[in-house]
Amino acid sequence: MPELPEMETYRRLLTEQLACRTITDVEINREKSININSGQFKSQLIKAQITDIKRRAKHLIFKLSSGKNLLLHLMLGGWMYIGNEEDNPDRTKQVIISIGDKKLYFIGLRLGYLHLLTDTELEKELADLGPEPIDQTFSFPVFRELIGSRRGMLKTTFVNQQFLSGIGNCYSDEICFEAGLLPMKKADELDEDEIKILYQSLKGVLTRAIQFGGYMEEPLFRGDTKTGGYNELCRVYDREGEPCLRCSSPIVKEEISSRKTFYCRNCQK
DNA sequence: AGGGCAACCCGGACGC
DNA sequence: TGCGTCCGGGTTGCCC
């Protein structure tokens with residue numbers, strides 16, 4: 001599912017493709033995907049310019065020239081495609097935003113949504129999110145302080161958006177593997193060295209994942225070679241039964257707090 | 001505080 | 001081909 005690196009990849013590519021462009025049409029095929037009635041939604045979007053595209057955690061925020069914000073969360077299985085009338089995926093499109101002859105398709109929005117919000121509403125919506133892990137200000141002392149207040153398992157701690165924002169099921173496993181720590185290890189049982197390794201792994205995995213375009217398999221547009229490059233670089237996620245790339249013992253899949261979790265029994269301690 | 005769990009949602013994969 | 005069934009999984013909220 002799209003996590004921070006996937007959304008950051010989307011942000012960068014969407015900015016290249018759509019920034020400063022004007023919305024010319026909007027099609028809503030699923031009312032539940034939006035927060036106001038479709039008539040109002042359309043009239044507020046059409047003729048508005050996309051002035052900027054920002055990211056906060058797993059959300060994207062399309063800043064509009066009207067001063068309003070279009071807040072996107074893809075949740076489970078949501079993805080986007082930029083094409084045109086002919087070039088588009090053979091899937092159900094819940095929302096389609098036209099920008100001249102280009103069309104931005106929103107696909108797989110089940111629990112995902114596009115909410116049109118004022119600055120105040122947006123701020124309120126994002127208020128409970130924890131710090132951005134790739135932010136410059138997220139230093140080791142900040143991380144040590146933060147994790148020092150935690151007693152739960154690393155897995156549940158990392159996927160908790162109030163603790164740290166943007167990490168989901170895949171990257172929490174990848175970070176634990178990189179650090180050589182078991183996902184069920186308790187945060188309050190870590191020594192100083194382990195906290196340091198965990199911090200470095202967190203920064204390292206996310207930075208590399210962004211660099212390689214995340215692990216989403218669907219390209220954003222025809223000829224997009226950036227998206228999904230990290231898919232083959234995942235070392236434990238969705239690799240059940242395959243040999244560990246460090247020690248060759250099979251990667252195991254286990255349910256931890258009702259989330260599928262992948263790890264190596266041998267080299268993660 | 002943390003763990004467990006249900007509810008949300010429905011496209012699409014899968015089985016017959 | 002066609003129809004019915006069920007899974008996935010981030011997030012919220014509630015209970016213990």
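Modeller: In chain A, 63% of the contacts with a separation of 6 or more are between residues 24 or more positions apart, a contact being heavy atoms within 4.5 Å. The model is predicted, so local features need pLDDT of at least 70 and side-chain atom pairs count only at pLDDT 80 or more, while totals for chains, interfaces and linings use all residues. Residues are numbered from 1 along each chain as its sequence is written, chains are lettered from A and ligands numbered from 1 in the order in which they are written, and side-chain values use heavy atoms, with hydrogens and water left out.

Helices (H or I, at least four residues) and strands (E, at least two) are DSSP runs, numbered from the N terminus. With a relative accessible area of 0%, L72 is buried; buried means under 20% relative accessible area, exposed over 50%, and partly exposed in between, with a 1.4 Å probe and protein chains only. Leaving aside neighbours within four places in sequence, the contacts of L72 are M7, K58, H59, L60, F62, M80, F106, Y113 and L114. L72 and P219 are 147 residues apart in sequence, and their C-alpha atoms are 18 Å apart in space.

Strand β4 covers residues 69-73, and the loop between β4 and β5 (79-83) holds M75. The phi angle of M75 is near 50°, a positive value in a residue other than glycine. M75 counts as partly exposed because its relative accessibility is 31%. A further positive phi in a residue other than glycine, near 70°, belongs to C20. C20 is in the loop between α1 (4-18) and β1 (25-28), and counts as exposed at 51% relative accessibility.

L72 is buried, and buried residues make up 52% of the 269 residues in chain A.
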